[in-house]
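Please read it alongside the sequence and the coordinates.

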Amino acid sequence: MSVFFLYPALLFGLLAASLPILIHLLNRRKLKRIQFPAVRFILLSQKRISRSYRLRHWILLALRTLAVVFLALLLANPIFQTGAGLFAGGGPVSLVVLLDNSLSMTWAGDGDGFKQAKEAARLLISALNEGDRTALIPTNVDGKEPFRLKGQKDILLKELEGIEIADGTANPAAALSKAYELLAEPAGQKEIRFITDMGLTGWDQFSLAALKQVDPSIALKLIHIGHKHQPLNGTIKTIRLASQGVGVNLPTQIEATVANFGDTEIKDLLVQLSIDGQNREQKLATVPAKGETSVNFQTRLNQPGAHVGQVILKKDGLAGNATVHFALDTQDKLKVLVVDGDPQTSLVQSETFFLSRALNPAGERDSSLFLPTVILSDGLNSATLDGYQVVMLCNVAALSDAFVTKLQNFLRQGGGVLIFGGDKFQPESYSQRLSQVLPAELREKKLGPEASGEKVGKFDLDHPALQNLSESTLQESIKSARVWGYTRAGAPGKAALISLANGDPLLLEQKVGAGRLMLFTTSADRDWSDLPVKTVYLPLIQSLTQYLAGGKRGMLDAGITVGTAKELSLPPGYVGKTLRVTKPDKQNVEVVIAGEKDRARATIEVNDQAGIYRLDFPAGGEKDSGTPPIYAANPPFLESRLDEIGARELQTKLSPIRAEVIPVDALKEAGSRTDLALPLLALLIVTLLIEGWLAQRF
Amino acid sequence: MSDREKNYFDPKVLAGISNLALRARYVVEGLMSGIHRSRAKGFSVEFEEHREYSPGDEIRRIDWKALGKFDRYFIKEYEDETNLRAYLLVDSSGSMNYASDGITKFDYACTLTASLAYLILKQQDAAGIVTFSNRIEAFIPPRAKRDYLIQILHALENRGPGGDTDVGKILDEIAGQIKRRGLVVLVSDLLDEPAAIVKGLRQFRFKGNDVIVFHLLDQAELDLPFDGNILFEDLEAAELRVVADPRAIRSTYRVVVQEFITEMRKQCHDNAIDYQLISTATRLDQALASYLSWRG
């Protein structure tokens, strides 16, 4: 039950109720003087009527004040309403129904919250009278949608049918702002009904300041769809790759973290891993109340390229997002040609021993992402570089003209070359033959005792080739390495990826055509440095090899959050071209690729659905963009949290808007709306009649 | 009687005539022309006393023998042989100085008194006058001389209303000064204690006088026709003031006034006193009719 006013601004007229009192006070001050002979009779009369006179006087004053109050209330046109939603009388209504279609509505109301919400909206629309106008706004608006008030129930009901659950979080501020914008113009009775589960996630971020337009005089009623029973509430918090890279036929470890928002432990939760639609593995997990549990899967992918994956939770009565999508970019084995320029009879003494172990630690064919092939430098001239992604020259004395030509062609076509120094390495020969592709001018060799070796000074963690070294243990490891022999290189104006404490470069890079050449100024084995026996050596070599092979591949992409933009950094050849994006519902969206510095950038903003988005790169780009052709979008993790914002807290957030929270069941109860204008008019007339009669009696 | 003459009974018309003698004459002439003239009741011939000459006295009435004896002018006064000696008592207290519509109660009282005196003298009866407030302001003993009217009018005109009222005490005092019985006519608003007034009037009755009371009130005193919040200040007692809404008390006020009038009428009736309530809106002929009915 509630009373509201059609024209609340006219309630200021209540101030006029003080007028009779003011007039009374003014009259008391403004006295007329009369000299009169029979004052004694007046005194006697007053004595006789004193009590009744005063009583009548106050009754008159009260009646006059009441009359003004009734008049002001009458002009403001009060409406008495019982029930929460059905209208009957009270003049034309301009109503905006806001429908919370955030993902959390899926689990509200004990599992059929959105259905209840739609039913509530249907009830409201059906109860509208002739002349009423309504707009239906879902909460996943971005403020640009063209909503308008309309009076046709059939169209409104059709619109209602078309509203589906969105995979993102509700944006109550945008929806409310739109509602106030729509209600700014029409006169008469206005109302906003917000059907919502009052999910904490959506409302927690709400701020009244974000609303472009607010009218506190418009009544806001929040129709609350709550839970009758506390459900099991859990979801997948994160998906990550637990192993190093994702390669064909390599064991791939995927770790899913499952969170429990509820106060009850979730037992026997089936967690299932699915790749390309096939169930790969499933495990039972127990998630403590308000806690998290990690579930590990191991799988192998026998095809290179992009794969779609899902981790699915299965449990009866579980409320929360049960499916998380991710993308796997499986890398075929990287073939690396390792050239040993200083072969030894002992394998351990070999120049390439540590390097080949770093590339394939287990030494087995299907145990590493990399497939190194070691040859001696004598066989360089006859070697063919086709089929290799990276060539590593370890302490190779000098290169023949024929091999230099092959190497330069290999580089231009996108291959990667890593050159290590050493005692056999002839800087003059390299400077002469590879002057066009070397990152620096090679100078003399510098060799000192091991004990007085230089430490590593600086390393550029921002460089993509070194980003894998961001862990502090690896950084400590590389800092602890000592280098006592290296070839000095002069590269004025060029920053080294890794440099020694004395400033001499240790690792330099030069881009050549589509490929890259890197120069390690020290040896690949322990002859000139202790780097090969440091922890950092393996990830450093693998990271450099991945980089030289062309971008970061062989990764798990856990995806973005629905509603956020996906940024792609592409080779500059894509600038101005159109990227086609296929959404999870198979709809296509085209995105124009823009230029940014020396790269191309595509910003995909249509990520409004959870699932896998597929990219069709335009023709004419470079050979390998290094960007996987799929990515995943998942609902916001916290959208699965079913905690609700308290009614009082919500009302505080909405203040000065008068917000009333009504349970959805109240809508189903019969309600009525009574215009109080007529009863008030009757009261006013009766008051005036009594006043007139009493005044006459005086 | 013409319409024009009739208008002279209207107090408002009379208020426009400043000369009291003229007013009295208009009233009485108008009245007498409409009724049968009464027979003269006798003429005064008996010497009563000498009194000193004062300007205005007729020369022929100077007692020349007395002049020879005392070397001073004396007028020979003769006692009127009339069957009526009328004492006209006029209340000249402050409360009489009230007029809600044109003529004050005092003016009305003066006109009425003058008319009575004129009428009495014209019928060769003796008329005297006493004006009083809380004391006797003027005392003109009754005489039956025609030209005596001038002195009566002079006494009325020379004295404006003012001062407090103490009707009961004053009536006692006047009663003490009246030596021969006759007719006592009191014209007053009687705004005093009814018991004291009646006690005073009873003194006259004890001495064998006939008494007529003209209870004179303004119409506003009867009706209280005012509106709005009013501070009423008493005309006699400055400390007596009250704020009242006449609309609220009007009906009660009228009851109170009527109770007072009824009480006065009853007391007068009980003491064989003629009581006549008149308001300043009452035509003079109606007021005089009361006297004429008594006179027969």
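A residue is buried if 20 or more other C-beta atoms lie within 10 Å of its own. By this criterion, buried residues account for 42% of the 698 residues in chain A. The model is predicted, and the mean pLDDT of chain A is 86.

**Overall make-up and confidence**
- Chain A contains 14 helices and 37 strands.
- Of the contacts in chain A between residues at least 6 apart in sequence, 79% link residues at least 24 apart.
- A pLDDT of at least 70 is reached by 94% of the residues in chain A.
- Among the elements of chain A, mean pLDDT is highest in strand 19 (residues 416–420), at 95, and lowest in strand 37 (residues 672–675), at 71.

**Nonpolar cores**
- The largest nonpolar core has 91 residues, and those touching the most other members are A:Val96, A:Val97, A:Leu98, A:Ala121, A:Ala179, A:Ile195 and A:Val258.
- Helix 5 (residues 172–182) of chain A supplies the largest share of this core, seven residues.
- Leaving aside residues up to four places away in sequence, A:Val97 touches A:Ala121, A:Leu124, A:Thr134, A:Leu136, A:Arg193 and A:Ile195.
- A second, separate core of 77 residues includes B:Met96, B:Cys110, B:Ala126 and B:Val213.

**A five-stranded sheet in chain A**
- Five strands of chain A form an open sheet with mixed pairing, in the order 28-35-34-30-31.
- Strand 28 (560–561) and strand 31 (588–592) of chain A each have a single partner strand, so one side of each lacks a neighbour in the sheet.
- Strand 30 (residues 578–582) and strand 34 (residues 611–616) of chain A run antiparallel and are joined by three bridges.
- A:Thr582 has A:Arg614, in strand 34 of chain A, as its bridge partner.

Definitions and conventions: Residues are numbered from 1 along each chain as its sequence is written. Chains are lettered from A and ligands numbered from 1 in the order in which they are written. This is a predicted model: local features need pLDDT of at least 70, side-chain atom pairs count only at pLDDT 80 or more; totals for chains, interfaces and linings use all residues. A nonpolar core is a set of buried Ala, Val, Leu, Ile, Met, Phe, Trp, Tyr and Cys residues joined through C-beta atoms within 7 Å. A residue is buried if 20 or more other C-beta atoms lie within 10 Å of its own, exposed if 12 or fewer, and partly exposed in between; C-beta atoms are placed from the backbone. Helices (H or I, at least four residues) and strands (E, at least two) are DSSP runs, numbered from the N terminus. Two residues are in contact if their C-beta atoms, placed from the backbone, lie within 7 Å. pLDDT is the predictor's confidence in each residue, from 0 to 100. Two strands pair if DSSP finds at least two bridges between them.
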